[in-house]
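Please read this briefing alongside the sequence and the coordinates.

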Amino acid sequence: MYDEIRQLDHRSNIREEVTSNLNKQYSIEKQNIHTECQDELDKQMQAEKLRHEQAIQKIRRDIENSQSEKVTKLKNQFILTKENEISRRFKLETEELAAILKTKKAEAALQQEQLKSELQAFLDKAVKEAQMSQQTLDSKLSELNVTIPEEKHEEVEHGVVERQRTQEVSEIEAYN
């Protein structure tokens, strides 16, 4: 009976069997925990990468918007500065041209007045010379006791005046 019980006694194997079974179960559960944790790590890392990429995209968009706003502001500032400078310089040049025009008009008016005065003096001189020529002609004719019909008298006067005008025109053209 003892032999039989000894043969049936497997107590010495219990430790090894239980240890082996528990080690297997431990390894399987440990592997499951490892896989579960690795999956969780991958999931969280993927979520963090996505959040990171979204954050980077937001930062990029914000910076691009800021750059666009700054460039637009700079462009508007340069357009305003350009328009102001153009207006300022246009006004300045207009004032300079107006001053030059005023000076030129004054010079032209002075020259015209001078020319008018010289022409008047010349015409006065020509009229005096014509009158003197007429008087000289009249006195010579009266000395000679010759009478010129009234029509001829006008022709002679006209000839003297015409000669004077031709001379005046020549002198004016030479002056100009």
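Helices (H or I, at least four residues) and strands (E, at least two) are taken here as DSSP runs, and they are numbered from the N terminus. The model is a predicted one, in which local features need pLDDT of at least 70 and side-chain atom pairs count only at pLDDT 80 or more, while totals for chains, interfaces and linings use all residues. Residues are numbered from 1 along each chain as its sequence is written, and side-chain values use heavy atoms, with hydrogens and water left out.

**Fold and confidence**

- The protein has three helices and zero strands, which read along the sequence as the pattern α-α-α.
- In terms of pLDDT, the predictor's confidence in each residue on a scale from 0 to 100, the protein has a mean of 86, and 83% of its residues reach 70 or more.
- Among the elements, helix H3 (residues 150-175) has the lowest mean pLDDT, at 62, whereas H2 has the highest, at 92.

**Surface and burial**

- The accessible surface of the protein comes to about 16,600 Å², and 55% of this surface belongs to carbon and sulfur atoms; accessible areas come from the Shrake-Rupley method with a 1.4 Å probe, and for residues only the protein chains shown count as cover.
- Of the 176 residues in the protein, 5% are buried, where buried means under 20% relative accessible area, exposed means over 50%, and partly exposed lies in between (1.4 Å probe, protein chains only).

**Salt bridges**

- A salt bridge is counted when a side-chain nitrogen of Lys or Arg lies within 4 Å of a carboxyl oxygen of Asp or Glu, and by this rule the count comes to four salt bridges.
- In helix H1 (residues 2-8), Arg6 and Asp3 are three residues apart, about one turn of the helix, and their side chains meet in a salt bridge with an N to O distance of 3.8 Å; Arg6 counts as exposed because its relative accessibility is 57%, and Asp3 is exposed as well, with a relative accessible area of 53%.
- The side chains of Arg51 and Glu48 form a salt bridge at 2.4 Å, N to O, and because these residues are three apart in helix H2, about one helical turn separates Arg51 from Glu48; Arg51 is partly exposed at a relative accessible area of 47%, and Glu48 is partly exposed at 38% relative accessibility.
- Glu85 and Arg88, which both lie in helix H2, are likewise three residues apart, about one turn of the helix, and the closest N and O atoms of their salt bridge are 2.7 Å apart; Glu85 is partly exposed, with a relative accessible area of 33%, and Arg88 is partly exposed at 46% relative accessibility.

**Surface patches**

- Patches are made of residues with over 30% relative accessible area and no salt bridge, like charges being joined within 9 Å and nonpolar side chains (Val, Leu, Ile, Met, Phe, Trp, Tyr) within 5 Å.
- Ile14, Val18 and Leu22 form a nonpolar patch on the surface, and together they have about 250 Å² of accessible area; Ile14 lies in helix H2 (residues 11-144) and is partly exposed, with a relative accessible area of 45%.
- Glu36, Asp39, Glu40 and Asp42 form a negative surface patch, in which Glu36, a residue of helix H2, counts as exposed because its relative accessibility is 57%.

Terms used:
Lys and Arg count as positive and Asp and Glu as negative; His and the chain ends are not counted. The place of a charge is taken as NZ of Lys, CZ of Arg, CG of Asp or CD of Glu.
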